[in-house]
Each structure stands twice: as C-alpha cells, then as structure tokens.
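Please find below my note on this model.

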Amino acid sequence: MSYQTILFDQEAGVATITFNRPDKLNALNHEMLSEFKEALDRVRRDPEVRVLLLTGAGRAFIAGADISEFLKFGPLEARAFAASAHEAGFVLEALEVPVIACVNGFALGGGLEMAMACDFIYAADSARMGQPEINLGLIPGFGGTQRLSRLVGKGAAKELILTGRMLGAAEAKTLGLVAQVFPADTFMADCRKVARSLAAKGRVSLRAAKQAVDRGFDLDLRNACLLEVDAFALCFASPDAHEGAKAFLEKRQPNFL
Ligand code: COA
C-alpha cells in the first residue's frame, strides 16, 4: 500500500511509521491522520509485527496539528478532528505490541500527544517538545491535558500547558516524559537496536506487561495487583515462561516464540 503523507517500513518484526511532510514539519492534517490510522490497522492485523516505531522525516516528529486547517473549523469540525485523533491514540495504547515514539525533532501539540499515547518516548538530544496550543488561543485537544498530567504530574503539566513553552530532551527526561535520550547522530540506529531486542522477547510476556501497567494504572492498588497476578499467571500459558527459565539454568539465550 502506498501513502502520500507517511512512510511504512517493516523489517525483522520491527515496523516503522514515519510521518512524512517534512516541508511542513510533519504537521498533522486530515490526510496524514487518516493514513496513520490505516497504517495502525495494518500493524494491528499483522502477526509478523513485534514492535512498532513512530518517527518523523526531517526536523520534526510532528510539529502539531496542521494550523492551516483551523481556519475552516467551527466547533463541530474541531470536535470531529480531535475525536478522530483520540481514536488513533487509543489504538496505539490498545496495540498488543510495544510502541516506541522516536522523537527525532519537534514534537509539539498533537505531535507530543501522539508520542505520549505510545508506550514510551525516546528523544534525540536535539528534540524540542511542548504543548504550545495556548499561544494559538487553544488548549491541547488530542489528549495532552490528560496524558501529560498522568506522565509528569499535575503541577508540571499545567506549567507546560499554560505557558506553552518548549522543553528540550534533557528536561523532558528529568520530568519523566522521555525514557531515554540518544545522540541525534545515531538516534534511529539506537532506537532500532532497542526495538530489535524487544522483538526477540516473548510476545505473551510483552503484551502482559504492557496491559498490566495500562489496565492497572487507574485502579486502586489492591485490584491493580490482583490484575497483575492474573497477567503473571497467564504468562505460563505460553511455552516462553518455561523456555526463559530453562535458558537461564542452561546458561544460554532464550528462544522465545
Ligand atoms: N501547522 C501548519 N504548518 C506548520 C506547523 C503546523 N503546526 N508547524 C510548522 N509548519 C510549517 C510552517 O508554516 C512552515 O511552512 P512554510 O515553509 O510553507 O511557511 C514550515 O512548516 C516550516 O516551519 P517554520 O515555522 O518556518 O520553521 P521554524 O524552524 O522557523 O520554526 C517551529 C519551527 C516548530 C517553532 C514553528 O514551525 C512552530 O511554532 N510551529 C507551530 C507549532 C504549534 O503551535 N503546534 C501546535 C499546533 S495546535
């Protein structure tokens, strides 16, 4: 399948979706959102994909929703666009495979919001992030007011959203927004190295780990821990659990399904 606004690549279990409107800093317009959702559906259906990477071509990951489309918006159009972007975020969260946002450059507004819907964010040391919507007389509409506060806490989230300021990769790491920072020169190679290592792990345990964290996050601790017990037990439904233990005891690398 060919796309106009994204690139899709798949190699050795690692799929990569690259936002590809570099002359507009990959601003997210209707077409790109629609193609992105098609590509996510393709990933969801393909059992060969074990890890998904999102990144951007050129200087940006995504520099926000395409502001040029805002001039045509009334409240109904704005609502439909935001709701459609939220659907993409929920699909990212529901994917059974790990999804890494590889933030290569600007991740602003809807760009940071898509990144935050991934399982975690890696950033190039040159990356710049933020929720600048307030400077346009708006607020984040693709999950920013909710996911940012869950990731960095309410106070830090409100400071970023109300000021609309940009932050660099090092500050984002300190805040807990970004999991790791890699040098810009080797950024995608570093991300792919991690992706390959994830692709070699057990599918069932990766999925159980992702779902246990996500589904337990908003529960009380007791119910969340019970959910973890069930997810832990489920791992033993896969031969991977015994293979992992045997490989350790036999001092060899495990060979997971
Ligand atoms: N929507 C539409 N177009 C955008 C865009 C966006 N969110 N972000 C960047 N672009 C376009 C610019 O209009 C410009 O297009 P042009 O060459 O046809 O004029 C091109 O991308 C390059 O951007 P430019 O502003 O010239 O680059 P810069 O290096 O000077 O600045 C930014 C980079 C990211 C600081 C700046 O582009 C910016 O502030 N973008 C908007 C960020 C934003 O508010 N996002 C939230 C939207 S809700």
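1. Basis. This is a predicted model; local features need pLDDT of at least 70, side-chain atom pairs count only at pLDDT 80 or more, and totals for chains, interfaces and linings use all residues. Residues are numbered from 1 along each chain as its sequence is written, and side-chain values use heavy atoms, with hydrogens and water left out.

2. Ligand shell. There are 17 residues around the ligand. K24, R59, A63, A65 and I67 come nearest. The shell holds 11 nonpolar, 1 polar and 5 charged residues. In this scheme Ala, Val, Leu, Ile, Met, Phe, Trp, Tyr, Cys and Pro count as nonpolar, Asp, Glu, Lys and Arg as charged, and the others, Gly among them, as polar.

3. A63 uses a backbone N or O atom, which lies 3.0 Å from a ligand nitrogen. I67 also places a backbone N or O atom by a ligand nitrogen, at 2.9 Å. The protein buries 60% of the 850 Å² that the ligand exposes when taken alone. Polar contacts are pairs of N or O atoms within 3.5 Å; within protein, one must be able to donate a hydrogen and the other to accept it, and residues adjacent in sequence count only if both atoms are side-chain atoms. Accessible areas come from the Shrake-Rupley method with a 1.4 Å probe; for residues, only the protein chains shown count as cover.

4. Nonpolar cores. The largest nonpolar core has 51 residues. Within it, L52, L54, L92, V103 and M129 touch the most other members. Helix 1 (residues 30-45) gives the most to this core, with 6 residues. Another core, of 14 residues, lies apart from it and includes Y122, A195, A199 and L206. A nonpolar core is a set of buried Ala, Val, Leu, Ile, Met, Phe, Trp, Tyr and Cys residues joined through side-chain atoms within 4.5 Å. Buried means under 20% relative accessible area, exposed over 50%, and partly exposed in between (1.4 Å probe, protein chains only).

5. L92. Beyond residues up to four places away in sequence, L92 touches F36, L40, L52, L54, V99, M114, A117, C118 and K210. Contact here means heavy atoms within 4.5 Å.

6. Helix 4. This helix spans residues 144-152, and its buried residues are G144, R147, L148, S149 and V152. Their cover includes helix 2 (75-94), helix 3 (110-116), helix 5 (154-163) and helix 6 (169-175). After helix 4 comes G153, with a positive phi near 95°. Helices (H or I, at least four residues) and strands (E, at least two) are DSSP runs, numbered from the N terminus.

7. S149. S149 sits in helix 4. It counts as buried because its relative accessibility is 18%. A polar atom of the S149 side chain lies 3.0 Å from the backbone oxygen of Q146. Leaving aside neighbours within four places in sequence, S149 is in contact with G144, K154 and A157. Its C-alpha is 9.9 Å from that of L160, 11 residues apart along the chain.

8. T18. T18 is found in strand 2. Its relative accessibility is 14%, so T18 counts as buried. Residues up to four places away aside, T18 touches T5, I6, L7, T55, G56 and A57.

9. Positive phi. Most residues other than glycine have a negative phi. A12 has a positive one, near 50°. A12 lies in the loop between strand 1 (6-11) and strand 2 (14-19), and is exposed at 67% relative accessibility. K251 has a positive phi near 55°. K251 lies in the segment after helix 10 (239-249), and is exposed at 77%.

10. Is F248 buried or exposed? F248, in helix 10, counts as exposed because its relative accessibility is 66%. F248 and F90 are 158 residues apart in sequence and 36 Å apart, C-alpha to C-alpha. L226, in helix 9 (residues 221-235), is partly exposed at 44%. The C-alpha atoms of L226 and G216 are separated by 9.1 Å, 10 residues apart along the chain.

Definitions and conventions. A residue is near a molecule or strand if one of its heavy atoms lies within 4 Å of it.
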